[in-house]
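Please look through the sequence and the model shown below before reading on.

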Amino acid sequence: MQMPVQHPTPPAKPKAKRSRRPPNQGPRIRREKRTISAMLGIYCRDHHAGRPGSLCAECDALLRYAHQRLDNCAFGELKQPCNQCSVHCYSKTLRPRIIEVMRYAGPRMTLRYPILSAFHLLDKLRAH
């Protein structure tokens with residue numbers, strides 16, 4: 001009886017690592033993160049009876065998600081304001097929630113956070 005011939009197995013190829021670019025950390029993205037944090041703070045305080053400086057669990061989860069989206073924004077420092085962006089980076093389930101927060105808190109930002117509001121207005125004007 002003959003033994004089956006065993007062919008040598010080729011060496012395994014190393015798995016290709018997905019190249020991920022580092023998160024956006026420029027001054028524009030940091031300012032956008034402060035702006036969305038301020039907006040969620042206003043919204044949560046007025047709608048969920050949150051304490052100033054703290055968010056409810058739902059708003060905190062939305063804030064973490066928004067920060068993640070800003071970290072991964074394809075435009076980085078050249079980012080346009082969200083309502084003028086051609087790419088919708090928020091999921092279909094969370095987009096209406098973030099729009100609601102921005103529509104409510106946006107007009108109230110002027111009095112509570114005038115510097116962030118001014119920068120946001122300048123960003124909108126630059127995008128045109």
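This is a predicted model: local features need pLDDT of at least 70, side-chain atom pairs count only at pLDDT 80 or more; totals for chains, interfaces and linings use all residues.

Residues are numbered from 1 along each chain as its sequence is written, and side-chain values use heavy atoms, with hydrogens and water left out.

## The chain as a whole

The secondary structure comes to four helices and zero strands, and from the N terminus on the elements run α-α-α-α. Helices (H or I, at least four residues) and strands (E, at least two) are DSSP runs, numbered from the N terminus. Of the 128 residues of the chain, 30% count as buried, where buried means under 20% relative accessible area, exposed means over 50%, and partly exposed lies in between (1.4 Å probe, protein chains only).

Helix H1 covers residues 27-47. Its 21 residues should span 30 Å at 1.5 Å a residue, and the end C-alpha atoms of H1 are 30 Å apart, which agrees; the expected span of a helix is 1.5 Å times one less than its number of residues. H1 is followed by Ala49, whose phi is positive, near 55°.

Helix H3 (residues 95-112) has 18 residues and reaches 24 Å from its first C-alpha to its last, which is close to the 26 Å expected at 1.5 Å a residue. H3 bends by about 40° at Gly106, and a proline, Pro107, follows within four residues; the bend at a residue is the angle between axes fitted to the seven residues ending there and the seven starting there. The buried residues of H3 are Ile98, Val101, Ala105 and Met109. An α-helix has 3.6 residues a turn, so residues three or four places apart point the same way.

## A network of salt bridges

The structure holds seven salt bridges, a salt bridge being a side-chain nitrogen of Lys or Arg within 4 Å of a carboxyl oxygen of Asp or Glu. The table lists some of them.

| Pair | N to O distance |
|---|---|
| Arg28 and Glu32 | 3.2 Å |
| Asp123 and Arg28 | 3.2 Å |
| Arg31 and Asp123 | 2.8 Å |

Arg28 and Glu32 both lie in helix H1, four residues apart, about one turn of the helix. Arg28 is buried, with a relative accessible area of 9%, and Glu32 is buried as well, with a relative accessible area of 9%.

The salt bridge between Asp123 and Arg28 links distant parts of the chain, with Asp123 in helix H4 (residues 114-127) and Arg28 in helix H1, 95 residues apart. The salt bridge between Arg31 and Asp123 ties together parts that are 92 residues apart in sequence, because Arg31 lies in helix H1 and Asp123 in helix H4. Arg31 is buried at a relative accessible area of 14%, and Asp123 counts as buried at 3% relative accessibility. Salt bridges that share partners join Arg28, Arg31, Glu32 and Asp123 into one network.

Which residues does Arg28 touch, not counting residues up to four places away in sequence? With that limit, Arg28 touches Glu77, Lys79, Gln80, Pro81 and Asp123.

## A surface patch and a cysteine

Ile115, Phe119, Leu121, Leu122 and Leu125 make a nonpolar surface patch of about 490 Å². Patches are made of residues with over 30% relative accessible area and no salt bridge, where like charges are joined within 9 Å and nonpolar side chains (Val, Leu, Ile, Met, Phe, Trp, Tyr) within 5 Å. Ile115 lies in helix H4 and is exposed, with a relative accessible area of 61%.

Cys89 lies in the loop between helix H2 (57-71) and H3, and at 28% relative accessibility Cys89 counts as partly exposed. Leaving aside neighbours within four places in sequence, Cys89 is in contact with Tyr65 and Arg69. Cys89 and Ala66 are 23 residues apart in sequence and 9.3 Å apart in space, C-alpha to C-alpha.

Key. Contact means heavy atoms within 4.5 Å. Accessible areas come from the Shrake-Rupley method with a 1.4 Å probe; for residues, only the protein chains shown count as cover.
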